[in-house]
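Let's take a walk through a protein model together. Have the sequence and the 3D view ready, and follow along.

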Amino acid sequence: MSRRTPRPRSEAVVTAGSPCPCGLPDTYGACCGARHAGSPAPTAEALMRSRYSAFVVRDTAYLLRTWHPDTRPERLDPDEHTRWLGLEVLASTGGGPFHQEGTVEFIATYREHGHRDTLREHSRFVRHDGAWVYVRPLPR
C-alpha cells in the first residue's frame with residue numbers, strides 16, 4: 001500500500017510554513033522541521049521521512065546525527081545539482097515505539113543535471129542510545 005501525498009515541488013526554499021517535503025499532510029515546521037530541531041522521531045518511518053526532508057533542505061548535520069556510528073561517513077557533501085522531488089513509502093516492518101529495529105522501503109524521486117530519476121531503497125533502522133538511527137540499505 002502506497003502512502004504518498006503528491007505535491008508539486010518547486011525550487012523554492014522550504015520554510016516552517018511550507019508543506020513538508022516528506023509528503024505527510026503537515027507543515028515542515030510541525031513535521032520534519034521539528035525533528036531537525038531536535039524532537040526525536042517516534043518511529044523508524046518518521047526518522048526515514050525526516051532524513052529524506054533533510055536531504056531536501058540540505059541539513060547534513062541532521063543526516064550525520066541520525067546515522068548509526070558504525071556505518072556513518074565522516075562527512076557528507078550533497079550534490080548542489082540534485083533536487084529531491086518526492087517520496088513514496090512502500091512498506092515498513094517493525095520500527096514502532098516498542099521495537100528496537102525496523103525497516104522502511106521507499107522510492108525517492110529526484111532531478112539531477114536536468115534528468116529525472118528515482119532511488120529505491122529498503123533501509124534498516126535500529127535504536128541507538130534510545131533514539132532511532134539509520135544503519136544502511138538492505139541488500140536486494
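Start with H2, which has 14 residues and reaches 20 Å from its first C-alpha to its last, close to the 20 Å expected at 1.5 Å a residue. (The expected span is 1.5 Å times one less than the number of residues in the helix.) Helices here are DSSP runs of H or I with at least four residues, strands are runs of E with at least two, and both are numbered from the N terminus. Before going on, know that this is a predicted model, where local features need pLDDT of at least 70 and side-chain atom pairs count only at pLDDT 80 or more, while totals for chains, interfaces and linings use all residues. Residues are numbered from 1 along each chain as its sequence is written, and side-chain values use heavy atoms, leaving out hydrogens and water.

How many of the residues of H2 are buried? It's 12 of the 14, so H2 is largely enclosed by the rest of the structure. Buried means under 20% relative accessible area, exposed means over 50%, and partly exposed is in between (1.4 Å probe, protein chains only). Among the buried ones are Leu47, Met48, Tyr52 and Val56. The cover over them includes H1, helix H3 (60–65), S1, S2, S3 and S4.

Now for the strands: four of them make an open antiparallel sheet in the order S1-S2-S3-S4. Strand S1 (82–94) and strand S4 (131–137) sit at the edges with a single partner strand each, so one side of each has no neighbour in the sheet. Two strands count as paired if DSSP finds at least two bridges between them.

Strand S2 (residues 101–112) and strand S3 (residues 115–128) pair in the antiparallel sense over 12 bridges. In that pairing, Glu105 stands opposite His122 in S3.

## Cysteines and a loop

Cys20 counts as buried because its relative accessibility is 1%.

Is Pro40 buried or exposed? Pro40 counts as exposed, because its relative accessibility is 62%. You'll find Pro40 in the loop between helix H1 (32–36) and helix H2 (44–57). Its C-alpha is 9.6 Å from that of Gly130, 90 residues apart along the chain.

Key
Contact means heavy atoms within 4.5 Å.
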